[in-house]
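The following exercises are to be worked with the sequence and the three-dimensional structure at hand. Each task is followed by a solution in steps.

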Amino acid sequence: MNYIHRRTISFQNLNSFLTLYRQDQDQHRLISTPFSSVFYCTKGESENQGKVYQEELRRNALWTACYAEDYIIQLYLADLGTTRERRKLLFDVGSNKGYVLAAWKSIWSPQNGVNQRSLGKYLSEKLLLSDCGVCNDCNEPLLSTKVNISRHMNVSVEIHAFEPQLSNYGILHQVQKWTNDTYLYVHNLAISNHTGTAVLLKCGRGGEACGLTVEKNLTDTERFLLVNVTTLDTFVQKFQITEIIDILKIDTEGYDPLVLTGANLIFKRQQIRLLIFEHHHVGFWASIHLRDVVENLDSKGYTCYMLGKTGLIRITRCAGEKRPPALRPDQWAGQPGTRAPHVWVSKDGKRLSTLDLLQSGWVVLAEDERWCTAAAKTSEQLDIKIKCFQIGTDVIPADLEAFRTAFGMETTGACLIRPDGYIAWRSTDIPTNPLHTLTDALKLVSSAKILA
């Protein structure tokens, strides 16, 4: 893969876990706990974490992409002697070939002999799949060698593995038979922020880098596949899952923010103890800042940490990464999160500012009329008032190039502006299906849902 993954991890009421885990100062993944509001980093602590993070990446570019599974051990230790010791509910979204669930089973069901190495051997010898995973999972040290685990402890472990890729779903189905585990449920489902169908980029057998896409070219069956999709909120409601989910791991190749949006209710009621998700610059991460996701989790009581090969670095209210300096207003050019710029235009023969078009609802500005068609349909689907102004037809800029520069758009791009005049989302050009793209973007930034 040509991008760096980063992992995020989140906890609920696990003070003992964090006490144990923070002894390792070098790890970089994100952890979230519901007691975040009482802690802030000093400027010096924040700067030091940034230096540590950059140094770890310099030594090992995959430091946080291929993180240590020691978090499982710490969760195991934290639960000893508690009511959660003998019951585990685990969700693996984007399960691929099942190496994560094998690591889980090696701790909580060691008597079955399932671990990353035995899974790798099974895949190679029985399914003729000699793919050890992007992170060389089948050669990872066994977790059972790092902690004394009772093989006689009667732990009830229920795992839900979600995998939309048909070839990998077939592999997981065989893995389920091999483990002979009636409480390992494999679902041929994509998880996102809506329920229905979506288009998935096809991967070869055992492939790990193919996720959902905004493309709708279903005639290209060699590259794309139509799959069923649902939200985590819908899933737990359908199956009446009301107990605590101990671990939720998300790996959806750039669509993790949509999975989190579709789990709003279960996060709001703090039904998740530990969350791990992937962050990079693929898919929706290209237009969504990690800071916004972290702050949203913080508002629900979760603290995020960067999770890496050797330790943790706190993110929530204690940014560990070096960030570029904030841009001055005169440097803004239509970036999401900035105020929409002033540009002189004419409408119905009257000279106006672009600001006069705003603050009466959601607004889309675009030169290509296909965006306005998409905006009308999105407005109907989400029951949200959206005005679309086609630049060059509804509104005439005094200087078209100055307008494009001010909003950072090409001739086929579009800009979505919030009712308060701030830019919520932007596309520099037009995708194959602007309706799907615009609808997903508006659902994400407004928490709107498609009307039944």
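**Exercise 1. Salt bridges**

How many salt bridges does the count come to? Describe the pairs that involve lysine 88, aspartate 92 and glutamate 401.

Solution. The model is a predicted one.

Step 1. The criterion is a side-chain nitrogen of Lys or Arg within 4 Å of a carboxyl oxygen of Asp or Glu. By this rule, the count comes to 12 salt bridges.

Step 2. Lysine 88 forms a salt bridge with aspartate 79, with 2.9 Å from N to O. Both lysine 88 and aspartate 79 are buried. Asp79 and Lys88 are also linked with Asp246 and Arg273 in a network of salt bridges.

Step 3. In a further salt bridge, aspartate 92 meets lysine 249 at 2.6 Å, N to O. Aspartate 92 belongs to strand β2 (residues 87-93) and lysine 249 to strand β9 (residues 245-250), so this pair ties together parts that are 157 residues apart in sequence. Both aspartate 92 and lysine 249 are buried.

Step 4. Glutamate 401 meets arginine 404 in a salt bridge of 2.6 Å, N to O. Both residues lie in helix α12 (residues 400-407), three residues apart, or about one turn of the helix.

Step 5. The burial of this last pair is read from relative accessibility, where buried means under 20% and exposed over 50%. Glutamate 401, at 48%, counts as partly exposed, whereas arginine 404, at 16%, is buried.

**Exercise 2. The four-stranded sheet**

What is the strand order of the open sheet of four strands, and which helix packs on the sheet?

Solution. 

Step 1. The order is β16-β15-β18-β19, with mixed pairing. The edge strands, each pairing on one side only, are β16 (386-390) and β19 (423-427). From one strand to the next, the twist averages 15°.

Step 2. Strand β15 (residues 362-366) pairs with β16 in the parallel sense over five bridges. Within this pairing, leucine 365 has phenylalanine 389 of β16 as its bridge partner.

Step 3. Helix α11 (residues 369-382) packs on the sheet and touches β15, β16, β18 (414-417) and β19. The direction of α11 makes about 170° with that of β16.

**Exercise 3. Individual residues and a helix**

Are histidine 160 and asparagine 96 buried or exposed, and which residues of helix α3 are buried?

Solution. 

Step 1. Histidine 160 lies in strand β3 (residues 156-162) and is buried, with a relative accessible area of 5%. Leaving aside residues up to four places away in sequence, histidine 160 touches Leu89, Leu90, Phe91, Asp92, Tyr185, His187, Phe235 and Ile241. The C-alpha atoms of histidine 160 and leucine 184 are separated by 6.1 Å, although the two are 24 residues apart along the chain.

Step 2. Asparagine 96 is placed in the loop between β2 and α4 (99-108). Asparagine 96 is buried as well, with a relative accessible area of 12%. Its contacts, not counting residues up to four places away in sequence, are Glu163, Asn168, Leu172, Gly207, Glu208 and Asp251.

Step 3. In helix α3 (residues 70-79), eight of the 10 residues are buried, so the helix is largely enclosed by the rest of the structure. The buried residues are Tyr71, Ile72, Ile73, Gln74, Leu75, Tyr76, Ala78 and Asp79. Glycine 81, which follows α3, has a positive phi near 80°.

Definitions and conventions: Residues are numbered from 1 along each chain as its sequence is written. This is a predicted model: local features need pLDDT of at least 70, side-chain atom pairs count only at pLDDT 80 or more; totals for chains, interfaces and linings use all residues. Side-chain values use heavy atoms; hydrogens and water are left out. Buried means under 20% relative accessible area, exposed over 50%, partly exposed in between (1.4 Å probe, protein chains only). Helices (H or I, at least four residues) and strands (E, at least two) are DSSP runs, numbered from the N terminus. Two strands pair if DSSP finds at least two bridges between them. Axes are lines fitted to C-alpha atoms, for helices over the stretch in contact, and angles run from 0 to 180 degrees between N-to-C directions. Contact means heavy atoms within 4.5 Å.
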